Amino acid sequence: MTTISAPPPPASSIDRLAPPARLRLRRRLSSPRLYLGLTGIILLLLFWYVTTELFPLPRFDKLPGPIRVWTEFTSRNPTFGTSLFTPDYYKHILWSSWRIAQAFFWATVLGVPLGLMMGWKRRVRDYAFPVIELLRPIPGLAWVPLAILMIPGREAPIIFLAFLPAFFATTLNTLLGVESIDENYFRAARCLGSKPRHVFLRVVLPGALPYIFTGLQIAVGVAWFSLVAAEMISGEYGLGFLIWDSYVLVQYPVIVIAMFTLGILGYFYSVAIRFVGGALMRWTTRAEA
Amino acid sequence: MDAIARGAISIRNVSKVYDPDGVNLLAVDNCSLEIASGEFCVIVGPSGCGKTTLLNAIAGFHDISAGEIDLDGHVLCRPGRAPEPGADRMVVFQNGALFPWYNVLDNVTYGPEVQGRPRKEARDAALALLAELGLADIARNYPGELSSGMRRRVEIARALINDPTVLLLDEPFRAMDALTKGVVHEFLLQALDRVNKTVFFITHDLEEALFLGSKVVIMTTRPARVKMVIDVDFPRPRTFRVRSSQHYLELKQKVFEAVHEEAAKAFAAGERELA
């Protein structure tokens with residue numbers, strides 16, 4: 001060190017360089033991860049094919065094999081009336097998605113503020129926590145009779161059943177998120193002259209955000225859980241209804257079509273939430289250096 | 001300084017008793033210390049001796065059990081009085097407390113904004129300060145993207161923009177390698193050169209204490225009391241060359257002996273507690 005003045009930071013000490021999109025794609029294609037994943041899926045399909053179509057296992061002979069399901073799914077004129085080309089298929093998807101959207105909306109709108117308040121104010125937490133911990137372990141299906149008795153109409157009880165577990169997951173993860181915030185951030189905020197609303201909006205909320213989004217991902221998952229069960233019991237549309245209806249009507253390939261659709265939708269919603277979370281929390285994705 | 005000089009801290013007969021699970025723990029015992037306006041006061045002492053307790057009391061994070069702490073004649077702390085942090089006393093924390101969800105610029109504007117300054121004005125002031133301190137390049141970076149030395153500089157900037165009268169630093173450069181420390185020390189001294197602040201600085205590093213401080217206060221092992229006050233009269237601006245002067249070595253010897261004595265006591269006390 002020859003100069004006394006502190007030198008300005010060299011720009012290279014800061015890793016701002018995210019690899020360009022094309023490079024990322026190439027890296028992804030050349031890593032074994034993608035191929036291992038594909039191999040896993042192919043093995044699953046192979047197992048399914050072998051046990052149902054090639055050498056059916058004792059009780060598997062009634063199950064539709066992958067080829068049968070695929071032909072049905074892609075047929076313009078499907079035997080059982082549900083395929084990629086029938087409006088009914090999309091109607092079921094839309095009904096289920098719409099219900100999930102409403103359940104998820106209410107779970108977020110009620111769960112996040114409640115969780116934040118519980119984490120922020122000891123008193124709110126002391127009131128609410130025992131109640132939530134008491135209700136949370138009750139399985140969604142146990143609520144079915146009460147939901148039907150309490151809530152009028154056909155739609156609302158179904159949405160309520162999907163909402164309930166999503167609400168608990170959101171609330172508790174948000175609470176956990178607030179509790180995870182280092183005490184020093186609160187001290188720093190007070191030291192810098194924050195009023196309570198600043199602490200809430202600028203420390204509690206952003207500090208809990210990573211946990212909130214984990215909670216929302218879990219929430220959408222458990223909402224699908226309960227939704228499908230609820231749709232099997234009551235409802236005239238929706239993927240859960242479709243599965244049960246196809247079982248009753250002995251239209252087995254449709255069951256599998258609906259199941260795979262659920263898998264794909266669930267994955268899609270999870271990715272969507274992660275994407276929104278990533279956009280809101282660039283500080284977690286950029287801070288890897 | 002002169003009549004308008006601010007930032008004189010008066011710590012008079014302060015005691016602090018912690019009461020976890022009914023076991024009284026005397027952290028600070030009848031501690032008195034006068035810090036003049038604009039003084040760079042460094043506190044050294046064995047680990048867990050109650051230095052941070054004192055700092056937290058000045059910052060307004062917790063109350064005290066006895067005595068009084070004044071700032072420019074106003075009472076900051078007194079038993080039975082709810083502690084209150086204020087923008088006149090800025091803390092730089094031991095483990096760093098930049099908000100990871102805000103970039104450097106938003107961290108620096110945080111104070112002025114919550115204190116009610118218009119957003120535009122706060123941003124301009126922050127950008128000017130960052131430029132002055134050589135941090136303009138990283139204004140849009142998040143703390144997680146910066147080295148620990150860089151984060152410390154930003155945190156000092158975040159404190160200074162509020163124009164506090166007192167700067168409280170709790171072992172801010174600990175766990176930093178010697179080279180980084182050297183650079184950050186010079187950064188801190190330069191930043192303070194332009195503005196006259198009273199500094200309350202806690203450290204374990206005796207070299208750091210002598211290089212930075214105008215006064216080094218050695219605390220006893222718990223409960224904390226003032227053991228010795230040493231005036232460090234090297235001229236400012238100081239450079240790292242100070243460290244090779246004869247006078248520096250003499251002072252260092254003196255401080256080291258005093259601290260070592262207390263550390264040995266603390267160690268023996270620890271042995272006794274374990275036995």
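Axes here are lines fitted to C-alpha atoms, for helices over the stretch in contact, and angles run from 0 to 180 degrees between N-to-C directions. The model is predicted, so that local features need pLDDT of at least 70 and side-chain atom pairs count only at pLDDT 80 or more, while totals for chains, interfaces and linings use all residues. Residues are numbered from 1 along each chain as its sequence is written, and chains are lettered from A in the order in which they are written.

**Exercise 1.** Describe how helix α4 and helix α5 of chain A pack.

Step 1. Helix α4 (residues 87–120) and helix α5 (residues 122–135) of chain A, both DSSP runs of H or I with at least four residues, pack at about 125° with their axes 6 Å apart. This makes α4(A) oblique to α5(A), the class left once angles under 35 degrees (roughly parallel), over 145 (roughly antiparallel) and 65 to 115 (roughly perpendicular) are set aside.

Step 2. Leu114(A), Met117(A), Met118(A) and Gly119(A) of α4(A) meet Val124(A), Arg125(A), Ala128(A) and Phe129(A) of α5(A), where contact requires C-beta atoms, placed from the backbone, within 7 Å.

**Exercise 2.** Compare the radius of gyration of chain B with that of a compact globule.

Step 1. The rule, 2.2 Å times the number of residues to the power 0.38, concerns C-alpha atoms; because chain B has 275 residues, a compact globule would have a radius near 19 Å, and the 19 Å of chain B agrees.

Step 2. The C-alpha atoms of chain B fill a box of roughly 55 × 50 × 45 Å along the principal axes.

Step 3. Among contacts in chain B between residues at least 6 apart in sequence, 72% join residues at least 24 apart.

Definitions and conventions
Contact = placed C-beta atoms within 7 Å. Helix = DSSP H or I, 4+ residues; strand = E, 2+ residues; numbered from the N terminus.
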